[in-house]
Amino acid sequence: MESAPGVPELDPALWGEPRSKSVTWHDPIPVASAAATLSGLEFLTAMRDGRIPPPPISRLFDFRPVEVSRGDVVFTCQPDESAYNPIGMVHGGLLCTILDTAAACAVQTTLDAGVAYTSIEIKVNYLRPVRIAAGRPQRLTAHGWTTRPGRRVAFAEADVRDDDGKVVATASSSCLILD
């Protein structure tokens, strides 16, 4: 394959050694079935406490709930360079995923047993880049809170902060409530 005119080719010898990441998870179907028997708050508290396993996506992106209360959740995320985009920063998709998780789980904490939900809309604002500094883990903290619970649609907001407490992204979201 030929390079575009004026675009230098990167010598494959400079690419470095290939890296890999191993991801393991539990079957999510039994967990989802158990979720139907618990309120959203009970379910997320059990996940936070390690009494039920997290969903596969949280293993892939290494995020977990650390605080759970009615209408309010906090997740932490430890991205690694496998989440980098082509320009050397953590991909916005990871930030969007953790924002969606925090906002939607905040709504989930307000739901009774047997009531489900799904995200139907999310608006994300990226405020600053997230880079992983060599030798310094970059932990992100996502906070989600319900702004308006509802019988059919609920609304929530979320933000993600870096280790220095700076907001790197925000989101507003709506979730459809499913009986």
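A cavity is a set of grid points where a 1.4 Å probe fits but cannot get out. In this predicted model, the count comes to one cavity of 30 Å³ or more. The volume of the largest cavity is about 30 Å³. Its lining draws on Lys21, on Leu60, Phe61 and Asp62, on Gln78, Pro79 and Asp80, on Ser82 and Ala83, and on Leu94. By class, five of the lining residues are nonpolar, two are polar and three are charged.

The structure holds one aromatic pair. The ring centres of Phe63 and Phe75 lie 6.1 Å apart, and the ring planes meet at 70 degrees, so the pair is edge-to-face. Distant parts of the chain are linked by this pair.

Ala156 sits in strand β5 (residues 153–161). Its relative accessibility is 3%, so Ala156 counts as buried; the cut-off for buried is under 20%. Neighbours within four places in sequence aside, Ala156 is in contact with Ala103 and Val107, with Trp145, Thr146 and Thr147, and with Ala171, Ser172 and Ser173. For one of these contacts, Ser173, the separation from Ala156 is 17 residues in sequence. In space, the C-alpha atoms of Ala156 and Ser173 are 5.3 Å apart.

How values were computed. Residues numbered from 1 in each chain as written. Predicted model: local features only at pLDDT ≥ 70, side-chain atom pairs only at ≥ 80, totals over all residues. Heavy atoms only, no water. 1 Å grid on protein atoms, 1.4 Å probe; cavity = no way out; pocket = protein on both sides within 12 Å on 5 of 7 lines; lining within 4 Å. Points joined across faces, edges and corners; volume = space filled by probe spheres on them. Nonpolar A, V, L, I, M, F, W, Y, C, P; charged D, E, K, R; others polar. Helix = DSSP H or I, 4+ residues; strand = E, 2+ residues; numbered from the N terminus. Buried < 20%, exposed > 50% of the residue type's maximum accessible area, 1.4 Å probe, protein only. Contact = heavy atoms within 4.5 Å. Phe/Tyr/Trp six-rings, centres within 6.5 Å; stacked < 30°, edge-to-face > 60°.
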